Amino acid sequence: MPGLLTRGHPAATAAIAAMIAGSAPHALLIAGPAGVGKTTLALDLAAGLMCDVPDPAARPCRACRGCRLVDSGGHADLHRLVPGGAGDQIRIGDRVDPEPGTIRRLISELALLPVEGGARVAIVERAERLNEEAQSALLKTLEEPPAGVTIILCVEREDQLLPTVRSRSVRIRLGPVGTRDIEAILGDQGVADAPTAGQLARLAGGRPGLARAWALAPEAVSARAEIVRSILDLLAAPAARRLAAIRELIASAGDVERALARQTVNVALLEANRRGRPRRAAGASLLKRTTAPSSSIAAAREGSAEPVTAVGSGTPDDGDSTGEPGATGSGDPSDMDEPRETRAPASERRRAAATLIDIWRDVARDLAVAGLGDERLVHDSALLDELRAASGVSTGELTAFLERLDRSGELIEANASPELVLDVLVLSWPRRPRAA
């Protein structure tokens, strides 16, 4: 639809257009996997509500002062909250003088009169990272919102929100975006040629945000291919070799995760250039919100030869779940192998483990599809030869392993030790039958 940047979600954009032309709900819940366009859709609604054009059917125009301020991230009546800190949480904040970036600070800001005199919008990204106390604090505002306020909660997993929060919100569910739509998005943004766009669109599994990050990080695509080959090689490896290899795979996945995280800034700058806005306005807030370690990002951005921090056990305040008060590691015996100063924080290790599980899920899925003989449905067509060479694992074993991958991801989200979870996972990876 004209004025809306969201693509590949016709039902969702129709709903947003109706809200802009009519009346927006006081609370909106946008749910869907990471990278499918939840924040883009939320910003489309914000631009429509803050647009200065008199005709509601023509909003957002993307040219007026209100639209430009929303696109640049500088609108005084647009508030955004993102998870951060060692626990990757959105904190509730101090009761008396809440600090910026907390729920109580947001509530206090929404109670004020609008600066521009129009609508006010609050976007809470990854709202499932609100703990129960923070959700309860937000609940009263959802029940009795100030006039002209719309609160948008973007979540990957609805079940992690309180039922009372869900029940007070209008819900929009986003699914994977079609391959052709992702190819068109990459082509319009000029980040990939047609063949590469097609490959990355399949690789992203319906997530245009991830496809853009892959396109802007070709080194991450190469590193991912090496991880896939290593995972396939482990089909014929004994237990000892698997346990030794998993540490290297976590470190490699950490490199991939950091490379993709850096592209959030690059994507913002790309959007700024495409729309003709100043580069600094679009990228400044994202630079402040980057959650990856600043030293590794700065080293990569400047082309430094500084070695990448090894992935291992965290520090006592990293938020590791050890089961023992005052414990100083993750509980993994392998944590004693290296000096503590060479290991990454627990939050970084969990992100690396989650990235590895996502890649592993694609490998298991492609291996199952190739085994069934329908190679047209393989996501990573560049590795067809390796997949054919690794054939022989039963579909039943791969299906069971995919379920184990999902459970492992949940355990890591619940602060279980990434190393212990992946040790168990690599030992349960199916074995390729030996030739007679």
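The model is predicted. The protein chain contains 17 helices and 5 strands, and 47% of its 436 residues count as buried. The salt bridges number 27.

**Overall architecture**

- Among contacts in the protein chain with a separation of 6 or more, 71% come from residues 24 or more positions apart.

**Salt bridges around Arg 62**

- Arg 62 and Asp 44 form a salt bridge through their side chains, with an N to O distance of 2.3 Å.
- A network of salt bridges links Asp 44 and Arg 62 with Asp 71.

- Glu 219 pairs with Arg 262 in a salt bridge whose closest N and O atoms are 3.8 Å apart.
- This pair links distant parts of the chain, with Glu 219 in helix 10 (residues 218–233) and Arg 262 in helix 11 (residues 239–275), 43 residues apart.
- Glu 219 is partly exposed at 42% relative accessibility, whereas Arg 262 is buried at 16%.

- The side chains of Arg 361 and Asp 358 make a salt bridge with an N to O distance of 2.9 Å.
- Arg 361 and Asp 358 are about one helical turn apart, because they are separated by 3 residues in helix 14 (residues 346–371).
- Arg 361 counts as partly exposed, with 25% relative accessibility, and Asp 358 also counts as partly exposed, with 34%.

**Surroundings of Gln 199**

- Gln 199 is located in helix 8 (residues 194–203) and is partly exposed, with a relative accessibility of 24%.
- Apart from neighbours within four places in sequence, Gln 199 contacts Asp 380 and Ala 382.
- A distance of 7.8 Å separates the C-alpha atoms of Gln 199 and His 379, although these residues are 180 residues apart along the chain.

Note on methods
Residues numbered from 1 in each chain as written. Predicted model: local features only at pLDDT ≥ 70, side-chain atom pairs only at ≥ 80, totals over all residues. Heavy atoms only, no water. Helix = DSSP H or I, 4+ residues; strand = E, 2+ residues; numbered from the N terminus. Buried < 20%, exposed > 50% of the residue type's maximum accessible area, 1.4 Å probe, protein only. Contact = heavy atoms within 4.5 Å. Salt bridge = Lys/Arg side-chain N within 4 Å of Asp/Glu carboxyl O.
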